[in-house]
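Here is a friendly tour of what lies inside this protein.

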Amino acid sequence: MKFIHLTTLMTMLGVSQASHIVSGSSSRLPMSLSSVINDLEAEGASRITTVAFLTSRGITKSKRSAILKSLFGVTNDSNGEAVEDSTTAFGKRMSAVDDDEIEDDDETYAGIAVANPLAGASSNEVAATVQACGGNILYVVSKEDLSRGERLFDKLAPAIERIINQESGDGAVSDNDQIRNLVVVIEGATTTEELMAAKNKLENAAAIVLSTIVQPEPNNRVTTLQQVFDSVEFVASNGPVDELLEDIGTFCDPSDATASVAKAVFQDASSQTTTVAGLHKSPLDLAAARKLLPLSRKVLKSCIDTVKDNISSDGESQLVRDFGALCDASVQRSMDEFDTSAGNTLLKESTVAKRIRSDLVEEMYSELESYYEEQLELLHTASFVMFKSNLSKLRLSPNLASDMEKVAADVVKVFSETSETLFAKKNKSARWPKGDVNMSNLRKELKEYITLRLQAARADGKYRPAPRKGMTLGFHWLLPKPFGNDYRQEPWDVHAKDNLVYVPKDKITDVRKEEVLTGDWRDSVVPCPTANEMMYLK
């Protein structure tokens with residue numbers, strides 16, 4: 001019965017004294033698993049389980065190596081030097097096995113053979129490796145990829161496609177009875193709520209991917225991860241998972257594990273596609289697979305080496321401002337070499353050859369993406385150095401704050417323009433991230449640096465902001481009644497509701513024209529009449 005677990009490993013799991021790394025191999029997968037299994041058997045491991053270590057594309061090389069060692073408790077004390085960045089497979093001997101079938105008094109142990117496809121591994125190699133591991137996968141997911149819903153199934157989808165089609169196309173009972181486990185490690189998750197949210201996001205993304213891959217029964221398609229794997233576990237990335245794999249894993253004899261690897265190698269060599277039924281059985285397609293697959297690996301390596309040689313100096317990566325053009329030129333040169341060696345006949349008439357060529361271009365840009373991200377980081381560092389250099393040229397003045405902000409704006413503008421030249425213009429398949437996130441981080445970092453520098457300068461007394469200038473305001477207004485009103489009127493009544501007539505003592509109220517001209521009439525008018533000398537006329 002298919003089922004799913006949600007597990008949180010919030011504390012470090014204890015590793016017994018018998019657990020240690022036995023050996024490592026840098027040979028090509030999946031064949032390198034065979035040597036690791038043999039070494040485990042020589043160390044007394046009578047029961048073997050295998051697992052493939054995969055990651056989403058957002059997990060960088062440095063993070064990948066650190067997470068791998070952390071999940072399997074690899075330390076220098078446990079022969080950790082056997083697990084290096086170039087290691088494709090390694091074996092770890094676990095606790096003792098209580099097996100009644102073993103009559104020998106010598107203590108026997110369980111062993112875990114871990115396949116570690118490198119960043120340059122092709123989709124076919126990853127799919128064959130997962131098949132050699134019996135469909136057992138340890139999958140590390142980047143929180144950034146999970147939030148964006150991108151780059152999650154670049155290598156996992158071909159592996160799932162191989163599992164689904166191999167189950168129906170092979171017909172072997174042992175394969176159908178094989179219990180497959182998927183352990184999903186969420187990078188940076190620390191709480192159960194975060195694991196639940198990540199679980200929902202990954203399952204929704206998986207449903208979309210499963211609807212697009214090739215499946216043997218179109219009318220009965222697999223739509224969930226639980227239909228592919230017998231056990232799906234979600235764990236945090238802050239502790240080893242080797243004991244969890246030991247608990248849920250299906251163990252077998254070393255000879256059976258080696259036979260499973262040999263079977264996967266044979267099928268990979270004969271099909272070289274993500275599905276067994278995907279290869280046309282025509283002689284031209286078979287010839288294309290035999291000739292072009294080794295050629296594609298050679299051309300891919302040549303392309304990557306060309307880019308690495310142009311961006312490296314004395315073993316260290318250097319910023320190349322026309323990195324995008326460099327990648328496009330390197331890919332074009334490699335594809336010209338591929339087309340010349342392949343010949344027009346295969347590329348025009350063989351569907352397998354066309355697919356291999358298409359996959360090769362995608363793989364080239366996918367592998368160059370890690371170097372592109374490295375160039376963005378180098379550009380970020382160079383921009384910050386340029387910013388501090390330009391700040392040293394500024395004079396201490398009351399306008400220092402605005403001058404520093406102007407320098408920061410210029411640096412961000414240069415970063416934006418340069419990041420566009422780092423992007424490969426002909427990259428149509430692989431989704432390289434834009435430099436917007438890096439530019440936002442740079443702008444924030446420059447703002448914080450300006451604040452700290454201004455505070456330090458002000459504390460030292462070297463910087464005083466310009467004093468605030470006073471401002472003079474003048475108001476002009478017209479008083480409708482500058483001398484006020486009497487007690488029968490409110491001050492805010494600009495106009496009287498009735499006509500006011502002043503009655504002098506002589507009872508003469510008219511003002512003649514002559515008095516107006518001479519101004520004598522003003523002596524007869526009181527501006528603010530009071531008492532009974534004022535009367536209102538309706």
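This is a predicted model: local features need pLDDT of at least 70, side-chain atom pairs count only at pLDDT 80 or more; totals for chains, interfaces and linings use all residues.

A cavity here is a set of grid points where a 1.4 Å probe fits but cannot get out, and its volume is the space filled by probe spheres set on the points.

**Cavities**
- Two cavities of 30 Å³ or more turn up in a search of the whole structure.
- The largest cavity has a volume of about 350 Å³, and among its 22 lining residues Thr55, Ser56, Arg57, Ile59 and Ala119 are the closest to its centre.
- Strand E2 (45-55), helix H2 (61-71) and H13 each give two or more residues to that lining, with H13 giving the most, five residues.
- The lining of the largest cavity is made up of eight nonpolar, five polar and nine charged residues.
- In the second largest cavity, the lining has six nonpolar, five polar and no charged residues, including Thr49, Asn136 and Leu245.
- E2 supplies the largest share of this second lining, three residues.

**Nonpolar cores**
- The largest nonpolar core has 53 residues, and Leu292, Phe323, Phe338, Leu368 and Trp432 have the most contacts inside it.
- Helices supplying at least two residues of this core include H10 (283-311), H11 (323-342) and H13 (351-391); the largest share, 14 residues, comes from H13.
- Beyond its neighbours within four places in sequence, Leu292 touches Phe338, Ala342, Leu346, Ala353 and Ile356.
- Another core, of 51 residues, lies apart from the largest one and includes Ile48, Val141, Leu156 and Phe229.

Notes. Residues are numbered from 1 along each chain as its sequence is written. Side-chain values use heavy atoms; hydrogens and water are left out. A nonpolar core is a set of buried Ala, Val, Leu, Ile, Met, Phe, Trp, Tyr and Cys residues joined through side-chain atoms within 4.5 Å. Buried means under 20% relative accessible area, exposed over 50%, partly exposed in between (1.4 Å probe, protein chains only). Helices (H or I, at least four residues) and strands (E, at least two) are DSSP runs, numbered from the N terminus. Contact means heavy atoms within 4.5 Å. On a 1 Å grid over the protein atoms alone, a cavity is a set of points where a 1.4 Å probe fits but cannot get out, and a pocket is an open set with protein on both sides within 12 Å along at least five of seven lines; lining residues have an atom within 4 Å of a point. Ala, Val, Leu, Ile, Met, Phe, Trp, Tyr, Cys and Pro count as nonpolar, Asp, Glu, Lys and Arg as charged, and the others, Gly among them, as polar.
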